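Please examine the model shown below and follow the description from its strands to its helices.

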Amino acid sequence: MVIQFIVKFYQNMLAFIFAIEEINRNPYLLPNISLGYESHNSLHSHGNILKNVLMLHAGQDEVPNYTCGRDSKSVALLTGTSWATEAQSGPLLELYKFPQLTFGSFDLVLSEYGRFSSLYQMASRDTSLALGMVSLVIHFNWNWVGVIVTAGAKGLQFLSDVRAEMDGNRVCLAFVKTVTSDPLLYVANTELHDFLTKDTIGVNVIIIYHDTENVNDLNHNVGLHLGTWRVWVTNSQWQADLTGKNFLRDSFHGTFIFSNHHKEIFGFKKFIQTVNPSIYPEDIFVQQFWYSHFQCSLSDSGCALENCIPNASLEWLPVNRFDPAMSDASYNIYNAVYAVAHALHEMLLKQIQKQPAGNVEEIVISPWKLHSFLRNIQFNNTVGDQMNLEEKIKLNAKFDILNFWNFPEGLRLKVKVGEFSPYVTHGQKLSLSDEMIQWAMGSTETPRSVCTESCTPGFRKTPQEGKASCCFDCITCSENEITNNTDMEQCVKCPDHQYANDQKNQCLQKSVTFLAYKDTLGKALVSTALSLTILTAVVLGLFVKHRDTPIVKANNRALSYTLLISLTFCFLCTLLFIGRPSTASCILQQTTFAVVFTVAVSTVLAKTITVVLAFKVTAPGKRMRQFLVSGAPNYVIPICSLIQLTLCGVWMGTNPPYIDTDAHTEHGHIIIVCNKGSITAFYCVLGYLGSLALVSFTVAFLARNLPDTFNEAKFLTFSMLVFCSVWVTFLPVYHSTKGKVMVAMEVFSILASSAGLLGCIFVPKCYIILLRPEKNALHGFRDKTHSRR
């Protein structure tokens, strides 16, 4: 066995001895044969590695390829975890087909292209290590992680694997640092390992991948350079506090360690308890332990220990000095010894079976013959784990996740807090007991390690130029858009029947609304319409009551009645615009409005023409007088109304009004409105109505200076001025409003223009009828006429 001696690796040597002694006590494995061993502890130099290999193979250390001095030689070689050890001893042992078993972590380089056909790796494949570490990172919602790897092929391979896993899971690599494992290079280039640079600020989680055992304590140096209170995630090659200093909760407290899962070997801890210098007097390292830790003194000869603490045991030592729990490497050594023993057992059994009965010959063990048995060997170790050395069928390792607790006075504990298995479904590969975890930050809360805090619902991510994808800005969603999860890259627009709440994280159902009677605005309009209707009816009743008075008769009372009735319907037609729209109401509100207003305006036009004919055509025998006498102005009303009815008929026959919804005008509401259908037809109707009003206004304006007693030309002129002003103002305001306000605007315009006609034409007459009855007499008219003459 070739292994460099460091205190933390002495357990490997003890596991080696424990396995050999256990096999020698087993009557069913290699019966009547005892295994022996040699252990060579090399310093970290290539020359020493080769020297020890030659000593084990040839039995001497002077002349290569020459055997002398001993009859017995080793049949297999166990080498340490250093790739340099395996790569240097491998080519030499390959010349002799000498079996070499490695107990370090699995290395793909050693199995490539069959370069080392005589080399066997005991460890399981650890290709899922990167996935396990990234799964841990994802579990705690970390996405800003640094990586430190040791230089070499394995470190680069791990870096490639962890990059791929991070990219696939939206975890960003904050920085990558490579540390050499060569102590001389490390010391010579200390300035290269000043990790406290600007790219490490804000990175609270760092993955450290250890390749092999190194003479320089990489952990200690990294801790000095990187500072304290970060979360470390590392593999099982990591060891804590090798300097023996009793730090108070040092920088590695709370470290997560991914260790190969294996059962505890029965009897190993008891074996550790029994190890002492008296049992292994030739083991100088046991004596060194006792001298350093159990207050021993040297004898006068200097070759023996005296006055040691009675019944002392390695188990008494703190974990940072000696850890009795079997490490991954010790477990692999234990299985390697058993693999060689099982292969020897099979080979010897086969040789015995080939010998003729009664012919007992000395059995010769040739190391090269052991390969056929090692390659095919399969066995269950003492705890039931299945072992094989065939690399093609090796499985990926299952990992125990250990949490390192570093307490004062040298108390060091590795507590299992979870597992990672690559063989279960994706969502269940990682299992953790969060409540058992000790955090490096000295807090019970999970630390954060993100470049940018997550965008909460209602915001979307936008990348920061030139930075990693985990670094972004959070921008609030636009109007009527939401995000209902964290870190969404795009906002989602709410459907037309829904709207975004104030937090922009949920779409709410819109309520259906319209200009209802119960609304404040609806109530006001209905009250106004009914009040004006009643007022118009009162005026009509007043005119009917005083129908024989000169002021009523002088202005064509039939036309006055017609105008008042049409104004009554104008006020009442506004009720069609209020309430929940239906197909019938949508059609009626436009046609009724168009027809009754046409009747009203045409009646005003007829009255205006009547005034003009009455005061301008006074000569007897003129043809225009016949028009006045025959009542020709009264035909203006049916003719104008027939034209409007024709326009409405075309409108209703081509593209009539229909029920529509407006989901955008009012936030949180869907407004039910009447769509005009054909906008062209709608404006043709309004245009025709406007033309009639303009003609009426023009004719009335021309007749404004006629004698004013019982002459309503001025009132007609002012009424049409008000009417035109209302509807000219209506058009731009109507187009600038939406939803219920648009409907209310149309209702208000109908009421205002109708009220203008009622007030300007009939209020002065009612004033005379009610308050100045003396003027409502024919003699008054005649007296005023004579006085003017």
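Strand β6 (residues 205-209) runs parallel to strand β7 (residues 231-235), and the two pair over 4 bridges. Within this pairing, Ile 206 lies opposite Trp 232 of β7. Two strands are said to pair if DSSP finds at least two bridges between them. Strands themselves are DSSP runs of E with at least two residues, whereas helices are runs of H or I with at least four residues; both are numbered from the N terminus. In general, the strands of a sheet pair through backbone hydrogen bonds, either parallel or antiparallel.

The model is a predicted one, in which local features need pLDDT of at least 70 and side-chain atom pairs count only at pLDDT 80 or more, while totals for chains, interfaces and linings use all residues. Residues are numbered from 1 along each chain as its sequence is written, and side-chain values use heavy atoms, with hydrogens and water left out.

Both β6 and β7 belong to an open sheet of 8 strands, ordered β5-β4-β6-β7-β8-β13-β14-β15, with mixed pairing. At its edges stand β5 (172-179) and β15 (430-432), each of which pairs on one side only. From one strand to the next, the twist averages 25°.

An antiparallel pairing is found between strand β23 (residues 658-662) and strand β24 (residues 669-675), which are joined over 5 bridges. Here Asp 662 is placed opposite Ile 671 of β24. The hairpin of β23 and β24 has 6 residues between the strands, and Gly 668 adopts a positive phi near 85°.

Attention may now turn to the helices. Helix α1 (residues 10-25) packs with helix α10 (residues 328-354) at an angle of about 30°, their axes being 8 Å apart. Such axes are lines fitted to C-alpha atoms, for helices over the stretch in contact, and angles run from 0 to 180 degrees between N-to-C directions. The helices α1 and α10 are therefore roughly parallel to each other, a term that covers angles under 35 degrees. Residues in the contact (heavy atoms within 4.5 Å) include Phe 16 and Ile 20 of α1 and Ile 333 and Val 337 of α10.

Finally, the protein chain may be considered as a whole. The chain contains 21 helices and 24 strands. Of its 789 residues, 50% count as buried, that is, under 20% relative accessible area with a 1.4 Å probe, protein chains only. Among contacts between residues at least 6 apart in sequence, 67% join residues at least 24 apart.

How values were computed: Angles under 35 degrees count as roughly parallel, over 145 as roughly antiparallel, 65 to 115 as roughly perpendicular and the rest as oblique.
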